[in-house]
Amino acid sequence: MANENDLFDDEPAKSAKPAGRQGSEGRQPAGGGAGRGSVTRRRFLVGAGTAAAAGVAVGTGVTAGITMLGDDDDEGGAGPAAPQADGMTLGAPDGVAVTQAVVKLNVNGKDEWVSVAPNQSLAEVLRENLGLTGTKIGCDRSECSACTVIVDDVPLNSCSLLAIREGGKKIVTIEGLEQGTKLSTVQQAFLDNMGLQCGFCTPGQILQATALLKRNPKPNEAEIRREMAGNMCKCAAYPNILAAIQAAAKATTV
Ligand code: FES
Ligand code: FES
(Lines give C-alpha, C1' and ligand atoms only; values in the text may rest on other atoms or scores of the structure.)
(Ligands and ions follow the chains in the order given, each with its own letter.)
Protein backbone atom coordinates (compact mmCIF):
# COMPACT_ATOMS: atom_id res chain seq x y z
CA MET A 1 0.00 0.00 0.00
CA ALA A 2 1.42 3.29 -0.99
CA ASN A 3 1.99 5.99 1.55
CA GLU A 4 -0.86 8.42 1.03
CA ASN A 5 1.55 11.32 1.31
CA ASP A 6 3.60 10.15 -1.58
CA LEU A 7 2.12 9.46 -4.96
CA PHE A 8 5.48 8.40 -6.24
CA ASP A 9 6.78 5.73 -3.93
CA ASP A 10 5.73 2.58 -5.68
CA GLU A 11 6.49 3.07 -9.33
CA PRO A 12 9.49 3.72 -11.51
CA ALA A 13 9.66 6.72 -13.78
CA LYS A 14 6.52 7.03 -15.86
CA SER A 15 6.57 5.74 -19.35
CA ALA A 16 4.42 8.57 -20.65
CA LYS A 17 7.35 10.95 -20.95
CA PRO A 18 9.72 9.26 -23.30
CA ALA A 19 11.35 12.40 -24.58
CA GLY A 20 11.32 14.07 -21.21
CA ARG A 21 13.20 11.16 -19.73
CA GLN A 22 16.13 11.68 -22.00
CA GLY A 23 17.74 13.75 -19.30
CA SER A 24 20.03 16.47 -20.46
CA GLU A 25 20.39 15.07 -23.96
CA GLY A 26 17.76 17.43 -25.22
CA ARG A 27 19.61 20.42 -23.88
CA GLN A 28 22.63 19.98 -26.09
CA PRO A 29 23.15 22.39 -28.93
CA ALA A 30 21.53 20.91 -32.00
CA GLY A 31 24.74 21.16 -33.94
CA GLY A 32 26.68 19.13 -31.39
CA GLY A 33 29.18 20.04 -28.74
CA ALA A 34 31.99 21.19 -31.02
CA GLY A 35 32.34 24.90 -31.56
CA ARG A 36 29.27 26.42 -33.10
CA GLY A 37 31.32 28.22 -35.64
CA SER A 38 32.23 24.92 -37.25
CA VAL A 39 28.66 23.73 -37.68
CA THR A 40 27.77 23.71 -41.33
CA ARG A 41 24.28 23.78 -42.65
CA ARG A 42 24.46 20.22 -43.84
CA ARG A 43 25.88 18.94 -40.58
CA PHE A 44 23.28 20.90 -38.65
CA LEU A 45 20.41 19.43 -40.61
CA VAL A 46 21.76 15.96 -40.07
CA GLY A 47 21.99 16.66 -36.36
CA ALA A 48 18.64 18.34 -36.17
CA GLY A 49 17.05 15.45 -38.01
CA THR A 50 13.36 15.74 -37.41
CA ALA A 51 13.49 19.50 -37.27
CA ALA A 52 13.95 19.52 -40.99
CA ALA A 53 10.77 17.58 -41.45
CA ALA A 54 8.83 19.43 -38.84
CA GLY A 55 8.60 22.94 -40.16
CA VAL A 56 11.82 24.69 -39.33
CA ALA A 57 13.46 27.52 -41.17
CA VAL A 58 17.09 27.86 -40.27
CA GLY A 59 18.70 31.21 -40.63
CA THR A 60 22.21 32.57 -40.63
CA GLY A 61 22.88 35.86 -38.95
CA VAL A 62 25.86 35.58 -36.66
CA THR A 63 25.13 39.01 -35.32
CA ALA A 64 22.12 40.15 -37.26
CA GLY A 65 19.48 37.65 -36.33
CA ILE A 66 17.77 35.64 -39.00
CA THR A 67 18.07 35.51 -42.72
CA MET A 68 15.58 33.45 -44.64
CA LEU A 69 17.23 31.88 -47.63
CA GLY A 70 14.42 30.47 -49.73
CA ASP A 71 11.67 27.96 -49.65
CA ASP A 72 13.30 24.68 -50.44
CA ASP A 73 16.50 22.77 -49.87
CA ASP A 74 18.33 25.31 -51.96
CA GLU A 75 22.05 25.65 -51.46
CA GLY A 76 22.32 29.00 -53.07
CA GLY A 77 19.45 30.68 -51.34
CA ALA A 78 16.96 32.99 -52.94
CA GLY A 79 16.93 35.95 -50.64
CA PRO A 80 14.38 36.65 -47.95
CA ALA A 81 11.30 34.54 -48.12
CA ALA A 82 8.13 34.36 -46.11
CA PRO A 83 7.70 31.26 -43.96
CA GLN A 84 5.78 28.54 -45.71
CA ALA A 85 2.43 27.64 -44.29
CA ASP A 86 3.37 24.00 -43.96
CA GLY A 87 6.81 24.65 -42.62
CA MET A 88 9.99 24.50 -44.62
CA THR A 89 13.60 23.59 -44.45
CA LEU A 90 16.47 25.92 -45.04
CA GLY A 91 19.85 26.47 -43.65
CA ALA A 92 22.94 28.54 -43.48
CA PRO A 93 25.57 28.04 -46.17
CA ASP A 94 28.56 25.91 -45.36
CA GLY A 95 30.89 27.66 -42.98
CA VAL A 96 28.22 29.88 -41.47
CA ALA A 97 27.24 29.32 -37.89
CA VAL A 98 23.65 28.49 -37.23
CA THR A 99 22.61 30.79 -34.44
CA GLN A 100 18.89 31.21 -34.86
CA ALA A 101 16.00 29.36 -36.39
CA VAL A 102 12.41 30.19 -37.08
CA VAL A 103 10.02 27.47 -36.12
CA LYS A 104 6.27 27.26 -36.34
CA LEU A 105 4.80 26.07 -33.08
CA ASN A 106 1.14 25.30 -32.69
CA VAL A 107 0.41 26.38 -29.13
CA ASN A 108 -3.05 26.14 -27.67
CA GLY A 109 -4.52 25.90 -31.15
CA LYS A 110 -2.69 28.92 -32.55
CA ASP A 111 0.25 28.87 -34.95
CA GLU A 112 3.17 30.92 -33.71
CA TRP A 113 6.35 31.60 -35.69
CA VAL A 114 9.15 32.09 -33.23
CA SER A 115 12.83 32.75 -33.56
CA VAL A 116 14.79 30.37 -31.39
CA ALA A 117 18.36 29.40 -30.72
CA PRO A 118 19.08 25.79 -31.66
CA ASN A 119 19.65 24.87 -28.02
CA GLN A 120 16.62 26.64 -26.55
CA SER A 121 14.23 24.39 -24.70
CA LEU A 122 10.53 24.40 -25.39
CA ALA A 123 9.94 25.56 -21.81
CA GLU A 124 12.16 28.59 -22.35
CA VAL A 125 10.49 29.47 -25.62
CA LEU A 126 7.01 29.16 -24.17
CA ARG A 127 7.91 31.40 -21.26
CA GLU A 128 10.31 33.89 -22.82
CA ASN A 129 9.23 34.13 -26.44
CA LEU A 130 5.50 33.60 -26.06
CA GLY A 131 4.94 34.89 -22.54
CA LEU A 132 3.22 31.69 -21.43
CA THR A 133 4.63 31.71 -17.92
CA GLY A 134 2.16 29.17 -16.64
CA THR A 135 4.75 26.61 -17.69
CA LYS A 136 7.13 26.41 -14.74
CA ILE A 137 10.79 25.49 -14.74
CA GLY A 138 11.90 23.74 -11.58
CA CYS A 139 14.85 21.40 -11.97
CA ASP A 140 15.41 22.15 -15.68
CA ARG A 141 16.71 18.61 -16.06
CA SER A 142 13.71 16.33 -16.44
CA GLU A 143 13.39 15.35 -12.82
CA CYS A 144 10.39 17.20 -11.39
CA SER A 145 7.88 17.57 -14.26
CA ALA A 146 6.89 21.09 -13.20
CA CYS A 147 7.35 22.00 -16.86
CA THR A 148 4.90 19.42 -18.22
CA VAL A 149 3.03 20.36 -21.36
CA ILE A 150 0.99 18.17 -23.68
CA VAL A 151 2.56 17.56 -27.07
CA ASP A 152 0.39 15.68 -29.54
CA ASP A 153 -1.64 14.31 -26.62
CA VAL A 154 1.42 13.11 -24.70
CA PRO A 155 2.52 14.86 -21.49
CA LEU A 156 6.21 15.72 -21.77
CA ASN A 157 8.82 17.65 -19.84
CA SER A 158 9.23 20.80 -21.89
CA CYS A 159 12.53 21.69 -20.23
CA SER A 160 14.10 18.76 -22.02
CA LEU A 161 12.63 19.26 -25.46
CA LEU A 162 14.34 21.41 -28.04
CA ALA A 163 11.86 23.95 -29.36
CA ILE A 164 13.42 23.65 -32.80
CA ARG A 165 12.23 20.05 -32.96
CA GLU A 166 8.63 20.71 -31.97
CA GLY A 167 7.53 22.40 -35.19
CA GLY A 168 4.23 21.14 -36.50
CA LYS A 169 3.19 19.47 -33.26
CA LYS A 170 0.18 20.47 -31.21
CA ILE A 171 1.28 21.85 -27.87
CA VAL A 172 -1.09 22.52 -24.99
CA THR A 173 -0.03 24.57 -22.00
CA ILE A 174 -1.96 25.38 -18.85
CA GLU A 175 -3.18 28.57 -20.54
CA GLY A 176 -4.88 26.43 -23.16
CA LEU A 177 -7.17 24.51 -20.84
CA GLU A 178 -9.63 27.25 -19.95
CA GLN A 179 -12.56 27.76 -22.23
CA GLY A 180 -13.42 31.42 -22.03
CA THR A 181 -13.72 32.15 -18.35
CA LYS A 182 -14.56 28.57 -17.47
CA LEU A 183 -11.92 26.39 -15.93
CA SER A 184 -11.45 22.91 -17.29
CA THR A 185 -12.85 20.06 -15.24
CA VAL A 186 -9.43 19.16 -13.93
CA GLN A 187 -8.57 22.75 -13.04
CA GLN A 188 -11.85 23.11 -11.18
CA ALA A 189 -11.30 19.83 -9.37
CA PHE A 190 -7.86 20.97 -8.19
CA LEU A 191 -9.45 24.15 -6.91
CA ASP A 192 -12.34 22.38 -5.19
CA ASN A 193 -10.09 19.83 -3.54
CA MET A 194 -7.27 22.20 -2.64
CA GLY A 195 -4.92 20.19 -4.81
CA LEU A 196 -2.20 22.75 -4.36
CA GLN A 197 -0.36 24.84 -1.81
CA CYS A 198 2.24 27.13 -3.34
CA GLY A 199 1.02 26.21 -6.82
CA PHE A 200 4.39 25.93 -8.49
CA CYS A 201 3.95 22.32 -9.53
CA THR A 202 0.25 22.71 -10.24
CA PRO A 203 0.26 23.49 -13.99
CA GLY A 204 2.33 20.39 -14.61
CA GLN A 205 0.15 18.29 -12.33
CA ILE A 206 -3.01 19.48 -14.06
CA LEU A 207 -1.68 18.89 -17.55
CA GLN A 208 -0.43 15.44 -16.61
CA ALA A 209 -3.83 14.58 -15.11
CA THR A 210 -5.63 16.02 -18.12
CA ALA A 211 -3.67 13.81 -20.48
CA LEU A 212 -4.36 10.82 -18.27
CA LEU A 213 -8.11 11.38 -18.20
CA LYS A 214 -8.27 11.86 -21.92
CA ARG A 215 -6.55 8.56 -22.45
CA ASN A 216 -8.20 6.75 -19.54
CA PRO A 217 -11.34 8.58 -18.34
CA LYS A 218 -11.91 6.33 -15.34
CA PRO A 219 -8.53 5.45 -13.87
CA ASN A 220 -8.34 3.62 -10.58
CA GLU A 221 -6.16 4.85 -7.74
CA ALA A 222 -3.16 2.77 -8.74
CA GLU A 223 -3.35 4.06 -12.30
CA ILE A 224 -3.49 7.63 -11.09
CA ARG A 225 -0.52 7.12 -8.81
CA ARG A 226 1.46 5.52 -11.60
CA GLU A 227 0.64 8.26 -14.09
CA MET A 228 1.48 11.04 -11.66
CA ALA A 229 4.62 9.37 -10.36
CA GLY A 230 7.01 11.82 -11.99
CA ASN A 231 5.26 15.02 -10.95
CA MET A 232 6.95 16.21 -7.79
CA CYS A 233 5.29 18.50 -5.26
CA LYS A 234 7.59 20.09 -2.74
CA CYS A 235 4.55 21.10 -0.69
CA ALA A 236 3.52 17.43 -0.52
CA ALA A 237 -0.05 18.13 -1.53
CA TYR A 238 -0.28 14.60 -2.86
CA PRO A 239 -3.43 13.43 -1.01
CA ASN A 240 -5.35 16.42 -2.31
CA ILE A 241 -3.93 16.03 -5.80
CA LEU A 242 -5.12 12.45 -5.80
CA ALA A 243 -8.54 13.50 -4.55
CA ALA A 244 -8.76 16.18 -7.23
CA ILE A 245 -7.99 13.75 -10.01
CA GLN A 246 -10.48 11.23 -8.65
CA ALA A 247 -13.10 13.97 -8.52
CA ALA A 248 -12.33 15.03 -12.08
CA ALA A 249 -12.63 11.43 -13.21
CA LYS A 250 -16.20 11.40 -11.98
CA ALA A 251 -17.08 14.24 -14.30
CA THR A 252 -18.08 13.53 -17.85
CA THR A 253 -15.63 15.85 -19.58
CA VAL A 254 -11.99 16.71 -19.02
S1 FES B 1 11.34 18.33 -15.28
FE2 FES B 1 11.36 20.18 -16.38
S3 FES B 1 11.67 21.68 -14.88
FE4 FES B 1 11.83 19.81 -13.79
S1 FES C 1 1.88 22.95 -4.48
FE2 FES C 1 3.85 23.69 -3.95
S3 FES C 1 5.18 22.42 -5.09
FE4 FES C 1 3.25 21.50 -5.36
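Helices (H or I, at least four residues) and strands (E, at least two) are DSSP runs, numbered from the N terminus. The model is predicted: local features need pLDDT of at least 70 and side-chain atom pairs count only at pLDDT 80 or more, whereas totals for chains, interfaces and linings use all residues. Residues are numbered from 1 along each chain as its sequence is written, and chains are lettered from A and ligands numbered from 1 in the order in which they are written.

**The whole chain**

Begin with the entire chain, coloured by secondary structure. It contains 7 helices and 7 strands, and their order along the sequence is α-α-β-β-β-β-α-β-β-β-α-α-α-α. Of its 254 residues, 46% count as buried (20 or more other C-beta atoms within 10 Å of the residue's own; 12 or fewer is exposed, and in between is partly exposed, with C-beta atoms placed from the backbone). Take next the contacts (C-beta atoms, placed from the backbone, within 7 Å) between residues at least 6 apart in sequence: 66% of these join residues at least 24 apart.

Select glycine 109, in the loop between β3 (100-107) and β4 (110-116). Glycine 109 counts as exposed because it has 9 C-beta neighbours inside 10 Å.

Move to serine 142, in the loop between α3 (122-129) and β5. Serine 142 is not a glycine, but its phi is positive, at about 65 degrees. Is serine 142 buried or exposed? It has 25 C-beta neighbours inside 10 Å and therefore counts as buried.

Aspartate 152 is the next stop, in the loop between β5 and β6. Its phi is also positive, near 50 degrees, in a residue other than glycine. Aspartate 152 has 12 C-beta neighbours inside 10 Å, so it counts as exposed.

**Helix α5**

Select residues 202-215, which form helix α5.

**Helix α4 and its two partners**

Two packed helices are described by the angle between their axes and the distance between the axes. Here axes are lines fitted to C-alpha atoms, for helices over the stretch in contact, and angles run from 0 to 180 degrees between N-to-C directions.

Show α4 with α5: their axes come within 9 Å and cross at roughly 130 degrees. That makes α4 oblique to α5 (under 35 degrees is roughly parallel, over 145 roughly antiparallel, 65 to 115 roughly perpendicular and the rest oblique). The contact joins Val186, Gln187 and Phe190 of α4 to Thr202, Ile206, Ala209, Thr210 and Leu213 of α5.

Finally, show α4 (residues 185-192) with α7 (residues 238-250), where the axes come within 8 Å and cross at roughly 135 degrees. This angle makes α4 oblique to α7. Select Thr185, Val186, Ala189, Phe190 and Asp192 of α4 together with Ala244, Ala247 and Ala248 of α7 to display the contact.

Note on methods. Contact = placed C-beta atoms within 7 Å. Expected span 1.5 Å × (residues − 1).
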